[in-house]
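Where are the pockets of this protein, and what lines them?

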Amino acid sequence: MAKHTVTLIPGDGIGPELTTAMRRVVEAAGVDIEWEIAEAGADVMDKYGTPLPQHVLDSIRKNKVAIKGPITTPVGTGFRSVNVAIRKELDLYACLRPAFSIAGSGARYDDIDIVLVRENTEDLYAGIEFPEGSDGARRLIEFAAAEGVGTIRPDSGISLKPISITGTRRIVKYAFDYAIANGRKKVTAVHKANILKHSDGLFLKVAREVAEEYAGSGVAFEDYIVDATCMQLVLHPEWWDVLVLPNLYGDILSDLSAGLIGGLGIAPGANIGAECAVFEPVHGSAPKYAGKDMANPTAEILSAMLMLKHLGETDAAGRILAAVRAVIGEGERVTYDIKRSRFGTTDGAVGTQAYADALIERL
Ligand code: NAI
């Protein structure tokens with residue numbers, strides 16, 4: 001019997017080729033994993049009538065650990081995000097997105113070491129929306145007027161932004177526990193509490209209460225307004241350590257920090273709950289590169305590196321990270337995105353699988 005059984009969701013767009021490369025690298029690192037393949041996304045709609053069949057969730061619940069490729073979400077209409085649905089269904093409340101510099105990535109900075117902890121279950125991502133012209137929107141508009149809390153134009157679509165004490169407590173606690181376990185020095189809560197007094201205001205109040213409970217832990221606490229955080233992240237990326245954010249700001253700032261380290265191609269992530277963990281890159285399905293053997297699998301492979309740490313396979317995780325650092329550091333057998341940011345040209349770029357070959361040779 002394999003030492004670990006992991007659910008593997010290849011995803012769509014560039015997902016299948018990236019997860020193939022990831023799997024090859026993990027297996028070459030000598031980790032004994034049985035992959036339970038579970039398909040989800042637009043391609044399985046016809047077969048199962050849903051982009052997220054029940055057996056996919058059952059497989060993750062059974063194995064407790066999954067790794068996935070990106071899955072496309074239709075814009076504006078069509079089904080809701082499968083990625084968000086997986087996080088909600090399994091209550092994967094903590095989205096962990098470390099952004100660390102990899103020499104040779106072509107990034108503007110070389111000393112980034114930030115960890116974003118994004119709340120994953122509420123805020124504007126709760127999916128509670130009322131379309132323009134709907135009965136629900138009309139009643140909400142009437143309710144707001146009757147309560148005297150504000151006038152909403154009658155032709156408005158409305159998305160709700162719920163932020164709870166429960167959701168905030170556990171994500172801020174997660175951020176502190178992560179900081180302590182990983183030798184970090186500071187947690188910064190990011191918010192817009194000056195304007196959104198009852199959602200972000202609550203987030204800030206609860207974050208401060210949790211921080212009090214961790215006084216004496218050796219981890220400092222501060223809070224920062226989200227817009228100012230964006231500017232200071234770009235001006236002084238070395239200021240930051242662990243950031244804890246409500247869902248939407250976490251989404252936006254993780255792309256910003258991916259930009260600081262050289263792009264989406266190298267930014268890994270994890271969604272963690274009390275029971276299960278699902279690892280996936282920050283980036284999406286990049287449809288224009290699908291099937292072209294061009295996309296950079298580093299983010300997917302570093303997501304596997306995080307997964308291996310979670311599984312206690314720290315030696316293999318360390319060797320994979322070292323191989324990534326070596327191959328990107330040399331800058332020869334790297335994908336188009338790294339060539340372009342580092343050398344200003346995609347000349348000499350290798351494909352997804354050839355890059356994985358280079359990693360495997362360095363393991
Ligand atoms: P995206 O991240 O797929 O692509 C944006 C651009 O980033 C690409 O055009 C490409 O230039 C670059 N890029 C992304 N990944 C790369 C890689 N591995 N190697 C090299 N370059 C890479 O974002 P976009 O276009 O906004 O979303 C496309 C689809 O993916 C949408 O349907 C979106 O909903 C979905 N998505 C899924 C996510 C997930 O599965 N967790 C996360 C984000 C988006």
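In this predicted model, the lining of the largest pocket takes at least three residues from domain 1 (1-95 + 267-363) and at least three from domain 3 (124-160). The volume of the largest pocket is about 1100 Å³. Its lining consists of 45 residues, and those nearest the centre are Ile-71, Thr-73, Ser-81, Asn-83 and Gly-284.

Three helices each contribute at least two residues to the lining of the largest pocket: H4 (82-89), H9 (247-261) and H12 (336-343). Helix H4 gives the largest share, with five residues. By residue class, the lining of the largest pocket has 19 nonpolar, 15 polar and eleven charged members.

The second largest pocket has a volume of about 440 Å³. It is lined by 21 residues, and Pro-98, Tyr-178, Asn-182, Leu-306 and Lys-309 are the closest to its centre. Both strands and helices supply two or more residues each to the lining of the second largest pocket. The strands are S4 (94-100), S5 (113-119) and S11 (270-272), and the helices are H6 (165-181), H10 (298-310) and H11 (314-330).

In the lining of the second largest pocket, 14 residues are nonpolar, two are polar and five are charged.

How values were computed: Residues are numbered from 1 along each chain as its sequence is written. This is a predicted model: local features need pLDDT of at least 70, side-chain atom pairs count only at pLDDT 80 or more; totals for chains, interfaces and linings use all residues. Side-chain values use heavy atoms; hydrogens and water are left out. On a 1 Å grid over the protein atoms alone, a cavity is a set of points where a 1.4 Å probe fits but cannot get out, and a pocket is an open set with protein on both sides within 12 Å along at least five of seven lines; lining residues have an atom within 4 Å of a point. Grid points are joined across faces, edges and corners, and a volume is the space filled by probe spheres set on the points. Helices (H or I, at least four residues) and strands (E, at least two) are DSSP runs, numbered from the N terminus. Ala, Val, Leu, Ile, Met, Phe, Trp, Tyr, Cys and Pro count as nonpolar, Asp, Glu, Lys and Arg as charged, and the others, Gly among them, as polar. Domain bounds come from an automatic or database domain assignment.
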